[in-house]
Protein chains: 2
Amino acid sequence: MIVGIIGGGQLAQMLAMAGQPLGIRCLFLDPAPDACARTAGELLCGDYGDARLLDELARRATVVTYEFENVPEASLRRLASRVRVHPHPGALALARDRWHEKRLFADLGLSTPPFVAVDTRADLDRALAVTGWPAVLKTRTMGYDGKGQRVLRTPGDVDAAFAALSGTPLILEGFVAFDREVSLVAVRSADGDARFYPLTENVHRNGVLVQSRARPGDPMASRAEGYVGRLLAHLDYVGVLAVEFFQKGDMLLANEMAPRVHNSGHWTLEGAETSQFENHMRAVLGLPLGATHGLAPSGMVNFVGYLPEASAVLAVPGTHLHVYGKAARPGRKLGHATVRAPREGDVLDALARLRMLADAGGAG
Amino acid sequence: MIVGIIGGGQLAQMLAMAGQPLGIRCLFLDPAPDACARTAGELLCGDYGDARLLDELARRATVVTYEFENVPEASLRRLASRVRVHPHPGALALARDRWHEKRLFADLGLSTPPFVAVDTRADLDRALAVTGWPAVLKTRTMGYDGKGQRVLRTPGDVDAAFAALSGTPLILEGFVAFDREVSLVAVRSADGDARFYPLTENVHRNGVLVQSRARPGDPMASRAEGYVGRLLAHLDYVGVLAVEFFQKGDMLLANEMAPRVHNSGHWTLEGAETSQFENHMRAVLGLPLGATHGLAPSGMVNFVGYLPEASAVLAVPGTHLHVYGKAARPGRKLGHATVRAPREGDVLDALARLRMLADAGGAG
C-alpha cells in the first residue's frame with residue numbers, strides 16, 4: 001500500500017513513520033530537496049503544480065492525502081480525477097478560506113466570534129461597527145502560525161493594518177479575550193465511524209503553539225464533540241480533522257479548523273491508544289480505526305527555532321523526543337517532546353522542565 | 001547520529017524505526033539485497049565478513065550493534081578495533097555458545113537444567129548418566145527457533161540424534177517438563193543504570209515463539225531480576241539483554257540469553273513506557289534510559305509463515321500491527337500484532353482472536 005502525501009514536512013514525516021509498521025509506504029511531493037519527510041519515505045521533488053509529478057503520485061499511490069491546507073486547487077482537481085483524495089478537496093477548500101470556514105461553522109450552529117468579510121477600506125469601517133473593539137484583521141487564505149494577521153486595538157491601528165494586509169481578501173473577527181485555547185482532534189472513516197481524542201488545552205506564543213495538554217474528561221468536551229461531529233458528518237469527512245476553539249467563561253467559540261493531522265495532537269503519539277497519525281493513515285486507506293482514548297496524563301512541548309540536547313530532553317522522566325531533522329531557523333518548528341506520566345502533577349513538572357529547555361536557546 | 005547494525009532483519013528494522021524520531025539514522029550490513037530493514041535506513045549489502053563494508057560501517061557509525069548472535073568473530077574484532085561496539089563482543093561470544101552460556105549462568109549462581117558438553121558418542125552416554133531422561137541434545141552454536149536440537153526420550157533415540165547433529169560441538173541438557181516459559185528483558189547503560197521490563201510469559205510452538213504476555217507483578221520477577229542483574233553487571237553490559245527461563249513449580253531455570261532485542265519483548269512497542277528498541281538505541285548511544293514499566297495489560301502474537309489481512313487484525317480492539325515486509329515462507333516470522341487494553345481479560349480475548357487469524361493460513 002502506497003499513500004501519496006502533498007507536502008514533505010514533519011506532519012508528512014510522522015504520517016509516514018506511523019504507516020511503516022503497517023507496511024504502508026509513503027511518497028511525498030514537495031519542492032524542497034531537503035524536505036524532512038524524505039527520511040521516512042520517497043520524495044518526489046518538485047512544484048505542487050508539477051503535472052508530471054502529480055500524475056506519478058496518482059499512478060503509484062492507493063490514496064493521496066496532504067499535510068497542509070494551501071495545496072493549489074488545480075493540483076487537487078488533477079489528482080482527484082485520477083486517484084482517491086482524502087480528505088476530499090471540498091473540505092480543504094473550506095478550511096483554506098477563513099470566511100467560508102466561519103460561515104460553515106455558523107451555518108452548522110457552532111458559536112464563533114463575530115466575523116465580517118473585508119475587501120475595501122470602507123468595508124473595514126463597517127466591519128468594525130459589527131465586531132466592536134478590539135478586533136483582528138486577517139487574510140482569508142494562506143495564514144498560519146499567527147502570520148497574516150493584525151490586532152486592531154484603537155482607531156489609530158486601522159490604516160497601517162489595512163495597508164499591511166490588503167491586496168488579498170480579508171476578514172475582520174472580534175478579538176476574544178479567552179480564558180483558554182482548546183482543540184479537538186477527531187478522525188472519521190469512510191463508513192462514518194467518527195472518534196474523538198480527549199480535548200487538548202493549548203498555549204500559543206506569538207501565534208505559534210508551544211504547549212499542549214490532554215484534558216480527558218474536560219467539561220467542554222461534549223460540546224466540542226457535538227460541534228466537530230456536525231462538521232465531520234456535513235463534510236462526509238475521511239481522515240483526521242482538528243478544530244481550535246477559544247473558551248471564554250461558558251462560551252466555546254470555534255476559531256479555525258485544520259483538515260489534517262494537527263500540532264495540538266502530537267501528544268497522541270505516546271499519549272493515546274492510537275496516534276492521530278496512525279488513525280489518519282487507517283482512515284484514508286479504509287482500515288478499521290483505532291481507539292482514541294488517552295493512556296495516561298499526557299502533554300507536549302514544541303521546540304521552535306532551537307533544539308535542546310537529546311540527553312537533556314530524555315533525562316526528563318516520561319519524555320519521548322521527536323526530532324524532525326530540519327535546519328534550525330528562528331520561528332521554525334524543529335521538533336517536540338511528548339510527556340506521559342502516571343500522575344497529572346508529573347506531567348506538569350515535566351512540561352515546565354521541557355519549556356525551560358526549549359527556551360534555553362533564546363527567543364525561538 | 002548514525003548507528004550501524006549487523007543484520008538487516010525485522011529486529012534491525014524495529015531498532016531503526018525506534019531511532020527515527022530521535023533523529024538517529026541506521027546503516028545495516030546484510031547479505032540479502034531485500035533485507036527488510038532497508039525500508040527504515042540504508043543497507044550496505046554484502047557478506048558479514050566483507051572487510052570493505054565493515055570498515056565503511058566503522059567509519060560512518062557512531063556505534064555499532066547487532067541483531068543476531070552469530071556475527072563472525074573476525075568481523076567483530078575488526079569492528080571493535082575501529083568503533084565502539086555495544087553490547088561488547090565478549091557478551092556475544094558467551095551467548096553464542098550454549099555451553100559457555102550455561103557455564104556462566106552456573107558460575108553466577110543462576111539455576112539451570114543439568115548440562116554437559118558432548119563431543120563424542122562416548123561423551124553422550126556419560127552425559128546421559130548426568131542429565132537423566134529425557135534429555136535434549138543441542139548444537140552449542142548457531143541454534144535458534146528450535147533448530148539444531150533433538151529430544152532423547154529413550155535409548156533408541158540416541159544414535160539417530162547424535163548422527164544428525166554431530167560434527168560440531170554439542171551440549172546435552174536435562175529436559176525440563178516446565179509449567180511455563182518466561183523471559184526477562186533488561187537494559188543497561190554504560191554508567192550501570194540497569195532496568196527491567198515486566199516479566200513476560202511465552203508460548204512456543206515447534207520451537208518458535210507464537211505468543212507473549214506481559215506479567216507485571218509476577219511472583220517470579222524479583223528472582224529473575226536478581227539473576228539478570230548479575231549477568232548485566234558481570235558482563236559490564238550495554239544495551240538490551242533478554243534471558244529465557246523455564247519455570248517448574250518453584251524453580252526458575254535459566255535456559256538461554258540473547259544479547260540483543262528479543263521477540264518476547266515486542267509487546268513493549270506499545271505496552272511499555274519505552275520500548276526495548278528505543279531503550280537499546282538510547283543505551284548504545286549513551287542517552288538516558290527510558291522507564292520500562294508497563295502502560296496497561298499487554299501481549300503479542302507472532303505471524304509465522306502467513307500474514308493475515310491488516311483489516312482483520314486491526315478490527316481486534318486494542319491491536320497494533322507490525323508488518324516486516326518479508327516474502328512469505330513457511331516458518332518465517334512475517335510480522336506480529338501487539339495488544340494493549342484496559343483489562344487483562346480484554347487482552348486474553350484479543351490474543352485468542354489474533355491466534356485464530358494467525359493460524360488461518362495453515363501450519364505456519
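Contact here means heavy atoms within 4.5 Å. With that in hand, look at the interface. Of the interface residues of chain A, 100% are also interface residues in chain B, so the copies meet through the same surface.

Some ground rules. This is a predicted model, in which local features need pLDDT of at least 70, side-chain atom pairs count only at pLDDT 80 or more, and totals for chains, interfaces and linings use all residues. Residues are numbered from 1 along each chain as its sequence is written, chains are lettered from A and ligands numbered from 1 in the order in which they are written, and side-chain values use heavy atoms, with hydrogens and water left out.

Back to the two copies. Chain A superposes on chain B by a rotation of 180°, with 0.0 Å of shift along the axis and an RMSD of 0.0 Å. That is the relation of a two-fold axis.

Next, domains. Chain A is assigned domain 1 (2-85), domain 2 (114-174) and domain 3 (180-359). Those bounds come from an automatic or database domain assignment. Over C-alpha atoms, the centres of domain 2 and domain 3 of chain A are 29 Å apart.

Now helix packing, in chain B. Helices are DSSP runs of H or I with at least four residues, strands are runs of E with at least two, and both are numbered from the N terminus. Axes are lines fitted to C-alpha atoms, for helices over the stretch in contact, and angles run from 0 to 180 degrees between N-to-C directions.

Take helix α1 (residues 10-19) and α10 of chain B. Their axes come within 8 Å and cross at roughly 75°. That makes α1(B) roughly perpendicular to α10(B). On angle classes: under 35 degrees is roughly parallel, over 145 roughly antiparallel, 65 to 115 roughly perpendicular, and the rest oblique. From α1(B), the contact uses B:Leu11, B:Met14, B:Leu15, B:Ala18 and B:Gly19; from α10(B), B:Phe277, B:Glu278, B:His280 and B:Met281. By type, the residues of this contact are six nonpolar, two polar and one charged. Nonpolar covers Ala, Val, Leu, Ile, Met, Phe, Trp, Tyr, Cys and Pro; charged covers Asp, Glu, Lys and Arg; the others, Gly among them, are polar.

B:Leu94, B:Ala95 and B:Arg96 of α4(B) meet B:Arg98, B:His100, B:Glu101 and B:Leu104 of α5(B). The residues in this contact are three nonpolar, one polar and three charged.

What follows α10 in chain B? The loop between α10 (276-284) and β16 (298-304), where B:Gly290 sits. B:Gly290 is buried, at 5% relative accessible area. The classes, with a 1.4 Å probe and protein chains only: buried is under 20% relative accessible area, exposed over 50%, partly exposed in between. Beyond residues up to four places away in sequence, B:Gly290 touches B:Arg195, B:Thr274, B:Asn279 and B:Arg282.

Another buried residue: B:Arg180, at 17% relative accessibility. B:Arg180 lies in strand β10 (residues 180-188) of chain B. Leaving aside neighbours within four places in sequence, its contacts are B:Leu199, B:Glu201, B:Arg215, B:Asp218, B:Met220, B:Phe245, B:Phe246 and B:Gln247. B:Arg180 and B:Leu252 are 72 residues apart in sequence, and 9.9 Å apart C-alpha to C-alpha.

Last topic, backbone geometry. Most residues other than glycine have a negative phi, and most peptide bonds are trans. Here are some departures.

Where is phi positive in a residue other than glycine? At A:Asn206, with phi near 55°. A:Asn206 is in the loop between β12 (200-205) and β13 (208-214) of chain A. It is exposed, at 71% relative accessibility. In chain B, B:Asn206 has a positive phi of about 50°, and its relative accessible area of 72% makes it exposed.

Which peptide bonds are cis? One of them runs from A:His86 to A:Pro87, with omega near -10°. A:Pro87 is in the loop between β5 (84-85) and α4 (89-96) of chain A. Another runs from A:Trp133 to A:Pro134, with omega near -15°. A:Pro134 is in the loop between α6 (121-131) and β7 (135-139) of chain A.

Key:
Copies are superposed by least squares on the C-alpha atoms of residues with pLDDT of at least 70 in both.
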